[in-house]
Amino acid sequence: MVKAVIFDLDGTVLDTLPDLNACMNAALEKFGCPKITAEQTRQYVGHGGLRFAEAALPAEKRAQAEYFYKNVYCPIHFACKNELTKPFEKESECISALRAAGIKLAVVTNKSQQAATALGNTLLAPFGFDVIFGNRDGIPVKPDPTSTLMVLRELGVSPEQAVFVGDGDTDVQTAHNAGMRCVSVLWGYRSRQQLAEAGASVFAQNFEQLKEILLSM
């Protein structure tokens, strides 16, 4: 029986793409760089903010990526009110059913801890996640399993008793590296083919299907 489910954040429990695109474009404009499209944002996110910044910057500016990320993008991102961000359809019903089954729920994201906490206090608050773990100094980001294993220890659940749910290739790899089962969702920012190439084998088309899969594992 599944005792814990760990969710990715961006593209899995919240559609953050519009706000991520808006924040990055505001930062790029301030840094004197051309804006990126929503589709480019979709391709660039998932590996942490610094990687997002590196990908968004034009080649001649990438040597300044760390400065840009910390001093230009992050202040804009942290000040974001997430007005364009929203949960996915039938998500609340799925989360409620998992909670009713006694399953512990957490979020592990490559989004900064400050940004993840802000969402935890607002849009994610109704879901009542037991833990929301973001990108923290000194802890490698996914697909390294360190943060995921830390959360499982906090929940008191072994990797064999847990499932990782995410929309990205990094989530598939994180589950593998942590010794967990994985369900890849198809409403996020990666295609089924990209997920399959990363090793995904169980897919959910929507939150209703995800609920059925998780409660039958």
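Over the ring of which residue does the charged end of Lys-61 sit? The legends below answer this and go on to other close-up views of the structure, which is a predicted model.

**View 1. Two rings, Phe-31 and Phe-133, each have a charged residue lying over them.** In this predicted model, the charged end of Lys-61 sits over the ring of Phe-31, at 5.1 Å from the centre of that ring. Elsewhere in the view, Arg-136 lies over the face of Phe-133, and here the distance to the ring centre is 3.6 Å.

**View 2. Phe-7 and Phe-129 form an edge-to-face pair.** A search of the whole structure finds eight aromatic pairs, and this view shows one of them, in which the ring centres of Phe-7 and Phe-129 are 5.9 Å apart. The planes of the two rings stand at 70°, and because planes over 60 degrees apart count as edge-to-face, the pair is given that name. Phe-7 belongs to strand 1 (residues 4-7), whereas Phe-129 is found in the loop between helix 6 (113-120) and strand 3 (131-135), so the pair ties together parts that lie 122 residues apart in sequence. Phe-7 is buried, with a relative accessible area of 0%, and Phe-129, at 12% relative accessibility, counts as buried too. Together with Phe-127, Phe-7 and Phe-129 form one aromatic cluster.

**View 3. Tyr-69 and Tyr-73 form a stacked pair.** The centres of these two rings are 6.2 Å apart, with 25° between their planes. Both residues are in helix 4, and because they are four residues apart there, about one helical turn separates Tyr-69 from Tyr-73. Tyr-69 counts as buried at 13% relative accessibility, and Tyr-73 counts as buried at 2%.

**View 4. The largest cavity has a volume of about 310 Å³.** It is one of three cavities of 30 Å³ or more that are counted in the model. Of the 27 residues that line the largest cavity, Asp-10, Val-45, Gly-46, Gly-48 and Lys-111 are the closest to its centre. By class, the lining is made up of eight nonpolar, eleven polar and eight charged residues.

**View 5. Several helices and a strand supply residues to the lining of the largest cavity.** Helix 3 (49-56), helix 4 (65-79), strand 2 (104-112) and helix 8 (169-178) each supply at least two residues of this lining. The largest share comes from helix 4, which contributes five residues; helix 4 is also the helix that holds Tyr-69 and Tyr-73.

Key
Residues numbered from 1 in each chain as written. Predicted model: local features only at pLDDT ≥ 70, side-chain atom pairs only at ≥ 80, totals over all residues. Heavy atoms only, no water. 1 Å grid on protein atoms, 1.4 Å probe; cavity = no way out; pocket = protein on both sides within 12 Å on 5 of 7 lines; lining within 4 Å. Points joined across faces, edges and corners; volume = space filled by probe spheres on them. Nonpolar A, V, L, I, M, F, W, Y, C, P; charged D, E, K, R; others polar. Phe/Tyr/Trp six-rings, centres within 6.5 Å; stacked < 30°, edge-to-face > 60°. Buried < 20%, exposed > 50% of the residue type's maximum accessible area, 1.4 Å probe, protein only. Lys NZ or Arg CZ within 6 Å of the ring centre and 35° of its normal.
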